[in-house]
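Try each task before reading its solution.

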Amino acid sequence: MKKITLITTKQCPKCPMAKVFWRELKSEYEFEYEEIDALTKLGQSLIEDFSIMSVPAAIVQENGKDDVTFVGLPSRQKVIQAIEG
Amino acid sequence: MKRTEEVVYDTIIVGGGGAGLTAGIYAGRRAMKALIITRDVGGQVLETDIIENYPGFTQIHGPTLMENFEKQAKKCGAEIIFSTVNAVKENGNEFVVTTDEKEYRSKTVILAFGKTPKNLNVHGEKELTGKGVSYCTVCDGPLYKNKVVVMVGGGNTALEGATYLSKIAKKVYLVHRRNEFRGFEHSVEEIRKKKNVEFVLSSVVTEIKGEKKVDVVYIKNLKTEKIRELKVDGIFIEIGLEVKTDFIKNLIKVDENGQIVINCKCETYYPNTDKIRPGVFAAGDVTDTPFKQIVISAGEGCKAALQAYNYLHEGKQKLMADWVSKKK
């Protein structure tokens, strides 16, 4: 099963919208989902590992292979392709 | 080929800032089937911390005000989807609005997509956007703790951004093409006191390089023509805003700055003419209205929606107020 990790900060004005977007998708599609604050220890390690320099950012992973990162509010179509693909 | 939605909307509103959301509220209250297509909800106001000039609120947080607009638009029946509109074309009595994913059909269109941050238009900028190139200091600044960054711009937004970044980053290069800043004197004075901010004046960015993320920014001094290489982790671009109306230039008239020309009813014109373009309306910062304020955007969004309603019902019924006075 794919895992989606959404990275946000408290200051980012688009992050609440991104949370709504991904939570809605979670109710329609099967995937593991987690929200991480970029300023936590885990968040810092993720932004280093995936070279994330902007939030909101979502990492789509499956067994550590073919990871895809979406920055900002992504197109629903492209996200569904990444989840189903 | 893109899938076309079967439903025909009464109006499609392009943009979800103050103008677009207000158009959604008024269209909904007129029982119009309205769809708002937007990249975000709130537009530029999302990046404004405190607003002190929106009537009814002595002080309100920008994103909170926009959240209220959004809730109200949805409550009134407007549908909101996140996407980017690439084209608006006329097809008989309808308009076809094309996004990255689908085509949508509508009887009227309200253009309310505001302004977008200006690009530097240098090599590497587009490719590294989101990977060290940022247009939102408030959003991405906290990710640059103890890192080295460049801030480009000389206005108040750039100065405030550089001050903000100086509290987080190890070093900030403030790059501006002129010899002095355009921002408020007190903002300039404040940033002069910061020991970790280096001014790089009379200079422009010529290239941004990096593989996975930004590694190097090249700066050219306009007086000496010398190129300087700065090893940095990110670059923040705050050089102002612009209207991007290229994708609708064949549909409606725009002025020399690309702003959509409207009349007092928020109606638009055919390109290069003074003939009203039926069914296409515009509101807010994307128009040639001189003052760019939330209250004006909201007012124009209202006018555009009511005029769209009027256009749909022309000759059939008069425009009626949708409120009643409270009788004592």
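**Exercise 1.** Count the positive and negative side chains of chain A, and find how far apart the centres of the two sets lie.

*Solution.* Note that this model is predicted. Step one: chain A carries 11 positive side chains. Step two: its negative side chains number 13. Step three: the centres of these two sets are 4 Å apart.

**Exercise 2.** Work out the pattern of helices and strands in chain A, and decide how compact the chain is.

*Solution.* Start with the counts: 3 helices and 4 strands. Next, read along the sequence: the order is β-α-β-α-β-β-α. Now take the radius of gyration, which is 12 Å. The globule rule also gives 12 Å for 85 residues, so chain A is as compact as a globular protein of that length. Last, the spans: the C-alpha trace covers about 30 × 25 × 15 Å along its principal axes.

**Exercise 3.** Identify the residues with the most contacts inside the largest nonpolar core, then trace the neighbours of one of them.

*Solution.* The core has 71 residues, and A:W22 and B:L111 have the most contacts inside it. Helix α6 of chain B, residues 294-312, gives the largest share, 7 residues. Now follow A:W22. Leaving out residues up to four places away in sequence, A:W22 touches residues including A:I4, A:F31, A:F70 and A:V79. Apart from this core lies another, of 30 residues, among them A:I52 and B:C139.

Terms used: Residues numbered from 1 in each chain as written. Chains lettered and ligands numbered in written order. Predicted model: local features only at pLDDT ≥ 70, side-chain atom pairs only at ≥ 80, totals over all residues. Heavy atoms only, no water. Helix = DSSP H or I, 4+ residues; strand = E, 2+ residues; numbered from the N terminus. Rg over C-alpha atoms; globule rule 2.2 N^0.38 Å. Lys, Arg positive; Asp, Glu negative; His and termini not counted. Charge placed at Lys NZ, Arg CZ, Asp CG, Glu CD. Core = buried A, V, L, I, M, F, W, Y, C linked by side-chain atoms within 4.5 Å. Buried < 20%, exposed > 50% of the residue type's maximum accessible area, 1.4 Å probe, protein only. Contact = heavy atoms within 4.5 Å.
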